[in-house]
Amino acid sequence: MPASIDLEGLGLDAGGHLLVLRGLAALGAGDQLTVTGRHPALAVQLAAWCRAQGHHVAGSTGPDAPGPLLVTKGRAEEQRWLGAVRAGDPGGRPERRADPRWGLAARGALVEAGGPPIGAEWADREHVWADVAPRLYAAATAAHWDPATAVDWSAATDLPAEVERAVVQVMTYLVENEQAALVIPARLLAQVHPHFREVIQLLAAQAADEARHVEVFTRRGLLSGGPLGTSSAGGRASLQTLLAEPDFTTAGFLLSVLGEGTFLELLRFLHARAPDPVTADVARLALRDEARHVAFGVAHTAHAVRADRAYLGVLRSAVERRHATLLDTAGLNAEVFDALVLLAAGSWSPEAIGRGWAAVRQLQADMDSGRRRRLAYIGFPDDEAAELSALHTRNFM
Ligand SMILES: [Fe+2]
Ligand SMILES: [Fe+2]
C-alpha cells in the first residue's frame with residue numbers, strides 16, 4: 001500500500017514540494033508515494049520537479065485528468081549523502097585533527113562530500129587550543145566596555161606642560177604597541193581551522209579589545225590638543241619581529257605571554273602613577289582586557305608544551321632569534337623611559353627624580369619576575385626561565 005498525500009489546491013510553485021518531500025522522507029528508494037491535488041498545473045509541475053530530483057512519476061491529474069500521480073522515489077538523495085560525515089561533536093571538545101574537507105561547516109554539521117577543502121594553516125587541536133578558551137571568550141564578550149562611556153573624558157587633565165607631555169609620549173608608545181597587538185590575532189585567526197571556533201571567537205574579541213585600546217590611548221594622547229609624541233625606530237623594529245612570526249603558538253607566546261604579560265606590569269604602574277583620572281581609567285580598562293589575553297597565551301602555550309615537550313626548544317629559539325635580531329637596536333624609546341620616570345617622580349626636584357628612577361627600575365624588576373613566573377608555569381626550569389626573561393625585548397612588548 002503506497003503512502004499518499006493530498007496537496008488540495010496547492011501548487012508546487014507555492015510550497016507544495018515541501019509536502020511531497022515530507023511524504024518521500026520516510027520512504028526508501030523504489031517506494032511509491034501517491035500524490036493527489038486540484039491545482040491545474042500539478043501534473044506538469046510534479047513531472048518537472050521529479051525529473052530534477054531524480055524521482056520517477058506516472059499518471060496525470062488536473063481538471064482533464066483527475067487521476068492520482070504515482071511518484072517512485074529515486075536514489076539521488078541517498079547518493080547525495082553517501083560519504084557525508086559529521087564535522088565533530090558540537091557540544092564537546094573539538095576533534096584532535098580538523099578535516100580540511102569540513103571547511104566552514106558548523107562543528108557537528110552533516111557535511112556533504114565534495115565541497116572545497118579549507119586552506120587553514122592550523123588544523124591540529126594541540127597547535128591552537130586551550131581548554132579555557134570557551135570560558136575566556138564568554139568572559140571577553142561579557143566584559144566589553146564602551147570607550148565613550150567607560151571613561152569620564154570631561155575629567156580635569158590640566159597638568160603641568162611637562163607632565164602632560166610625558167603622558168602624551170607614553171600614550172603614543174602604547175598606541176603603536178596596541179596596533180601590533182591588534183594585527184597579530186587578526187592575522188592568526190584567519191589561519192585557524194573553523195572547527196576550533198572558540199579560539200577564533202576569542203582572537204576576534206581580543207582584536208576588538210585592542211581596537212578599543214588604540215582608541216582610548218589615542219584619545220587621551222590628543223586630549224590636550226596634541227601633537228602626539230615620538231615613535232622610535234628600535235621600538236618599531238621590536239614590534240616588527242612579532243608581526244613576522246609565522247607559527248601560531250610561537251606568535252602567541254611572544255605576543256601574549258612575554259609581551260602582553262610584561263604590559264600587565266606597565267599598565268598597573270600607569271594606573272597607580274597616573275597624574276590624572278583619564279590616564280588612570282584608560283590604563284585600568286586596558287589592563288582588565290590584557291589579563292585575558294595573557295591568560296589565553298599562557299594556557300595555550302602550556303597546552304602545546306604538555307602535548308609535545310620538545311616545543312620548549314622551539315619557544316626558546318624563538319626568544320633567542322628575536323633577541324639576536326634586535327641586538328643592534330635601542331629597544332625601548334628613551335623618551336618613553338624618561339616619561340615613565342617623570343610620571344613616577346611627580347616633580348622635578350632631584351630627590352623626586354631619584355625616586356621616579358627607582359620606581360621604574362622596580363617596574364622592570366616586577367616585569368622580569370612576572371615573565372619568569374609565566375615561563376615556569378609553561379614548563380621551563382627556573383634557571384632557563386630567568387635566562388629567557390632577560391633576553392626579552394627592552395621595548396616591553
Ligand atoms: Fe591592548
Ligand atoms: Fe592585548
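Predicted model: local features only at pLDDT ≥ 70, side-chain atom pairs only at ≥ 80, totals over all residues.

Residues are numbered from 1 along each chain as its sequence is written, chains are lettered from A and ligands numbered from 1 in the order in which they are written, and side-chain values use heavy atoms, with hydrogens and water left out.

## The iron ions

Let's start with the donors, meaning N, O and S atoms within 2.8 Å of the metal (3.2 Å for Na, K and Ca); water is not among the atoms, so sites may look incomplete. Here are the sites side by side.

| Ion | Donors | Distances | Spacing in sequence |
|---|---|---|---|
| iron ion (ligand 1) | E178 (OE), E210 (OE), H213 (ND1), E290 (OE) | 1.9 to 2.2 Å | E-x31-E-x2-H-x76-E |
| iron ion (ligand 2) | E210 (OE), E260 (OE), E290 (OE), E290 (OE), H293 (ND1) | 1.9 to 2.7 Å | E-x49-E-x29-E-x2-H |

What angles do the four donor atoms around the iron ion (ligand 1) subtend? They span 84 to 155°, which makes the arrangement irregular. For reference, four donors count as tetrahedral if all angles lie between 85 and 135 degrees; four count as square planar and six as octahedral if opposite donors are over 155 degrees apart and all others between 65 and 115; anything else is irregular.

The iron ion (ligand 1) and the iron ion (ligand 2) lie 3.5 Å apart, with E210 bridging them. Distant parts of the chain are linked here: E210 sits in helix α8 (residues 197-221) and E290 in helix α11 (residues 277-307), 80 residues apart. Helices are DSSP runs (H or I, at least four residues), numbered from the N terminus. Both E210 and E290 are buried, where buried means under 20% relative accessible area (1.4 Å probe, protein chains only).

At the iron ion (ligand 2), E210, E260, E290 and H293 supply the donors. E260 lies in helix α10 and H293 in helix α11, so this pair ties together parts that are 33 residues apart in sequence. E260 and H293 are buried too.

## How the helices pack

Several helices can be compared through their axes, which are lines fitted to C-alpha atoms, for helices over the stretch in contact, with angles running from 0 to 180 degrees between N-to-C directions.

How do α8 and helix α10 (residues 248-273) cross? Their axes come within 15 Å, at roughly 40°. That makes α8 oblique to α10; angles under 35 degrees count as roughly parallel, over 145 as roughly antiparallel, 65 to 115 as roughly perpendicular and the rest as oblique. The crossing of α8 past α10 is left-handed, that is, the near helix is turned anticlockwise from the far one by less than a right angle, with clockwise giving right-handed. Residues in contact (heavy atoms within 4.5 Å) include E210 of α8 and E260 of α10, along with L203 and F217 of α8 and L255 and L267 of α10.

α10 also packs against helix α14 (residues 350-378), at an angle of about 145° and with the axes 10 Å apart. Here α10 passes α14 in a right-handed crossing. Among the residues making this contact are V257, G261, L264 and F269 of α10, and V360, L363, M367 and R374 of α14.

Helix α7 (residues 161-189) and helix α9 (residues 233-243) have axes that come within 10 Å and cross at roughly 10°. The two are therefore roughly parallel to each other.

D209 lies in helix α8 and is buried, with a relative accessible area of 1%. Leaving aside neighbours within four places in sequence, D209 is in contact with H144, D289, R292 and H293. Its C-alpha is 8.0 Å from that of L182, and D209 and L182 are 27 residues apart in sequence.

In helix α11 you will find T279, buried at a relative accessible area of 2%. Beyond neighbours within four places in sequence, T279 is in contact with V167, M171, R220 and A274.

H303 is also found in helix α11, and is buried with a relative accessible area of 8%. Its contacts, again leaving aside neighbours within four places in sequence, are R93, R125, E126, W129 and A130.

Notes:
Buried < 20%, exposed > 50% of the residue type's maximum accessible area, 1.4 Å probe, protein only.
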